[in-house]
Amino acid sequence: MSPDSMTPGSVRSAAEVNEQIRALWLRAGGSLSVQERTEYELLVIEWAEAIRDGIIEAA
């Protein structure tokens with residue numbers, strides 16, 4: 001997944017995004033390239049938003 005293909009306000013669940021993060025690390029073999037680091041950072045932001053949205057919904 002390229003960072004350009006990700007849109008703000010994703011509707012994916014935190015679990016889905018977390019799975020993508022895990023897959024990225026597995027593909028990278030534990031050492032991220034510059035491009036993979038950018039993808040990772042965007043995924044972490046998306047994951048945090050999904051977690052926050054879940055907390056807000058639960059409240």
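Start with the whole protein chain: among contacts (heavy atoms within 4.5 Å) between residues at least 6 apart in sequence, 55% join residues at least 24 apart. You are looking at a predicted model, in which local features need pLDDT of at least 70, side-chain atom pairs count only at pLDDT 80 or more, and totals for chains, interfaces and linings use all residues. Residues are numbered from 1 along each chain as its sequence is written, and side-chain values use heavy atoms, with hydrogens and water left out.

Now colour by secondary structure. The protein chain has two helices and zero strands, taken as DSSP runs (helices H or I, at least four residues; strands E, at least two) numbered from the N terminus.

Next, select residues 14-28 for α1 and residues 34-58 for α2; these helices pack at about 160°, with axes 8 Å apart. Axes here are lines fitted to C-alpha atoms over the stretch in contact, and angles run from 0 to 180 degrees between N-to-C directions. The pair is therefore roughly antiparallel, a label for angles over 145 degrees.

Show side chains where the helices meet: on α1, pick residues including V17, I21, L24 and W25, and on α2 residues including Y40, L43, V44 and W47.

Then step back to S13, in the segment before α1. Finally, draw a distance from S13 to W47: their C-alpha atoms are 7.7 Å apart, though 34 residues separate them along the chain.

Technical notes. Angles under 35 degrees count as roughly parallel, over 145 as roughly antiparallel, 65 to 115 as roughly perpendicular and the rest as oblique.
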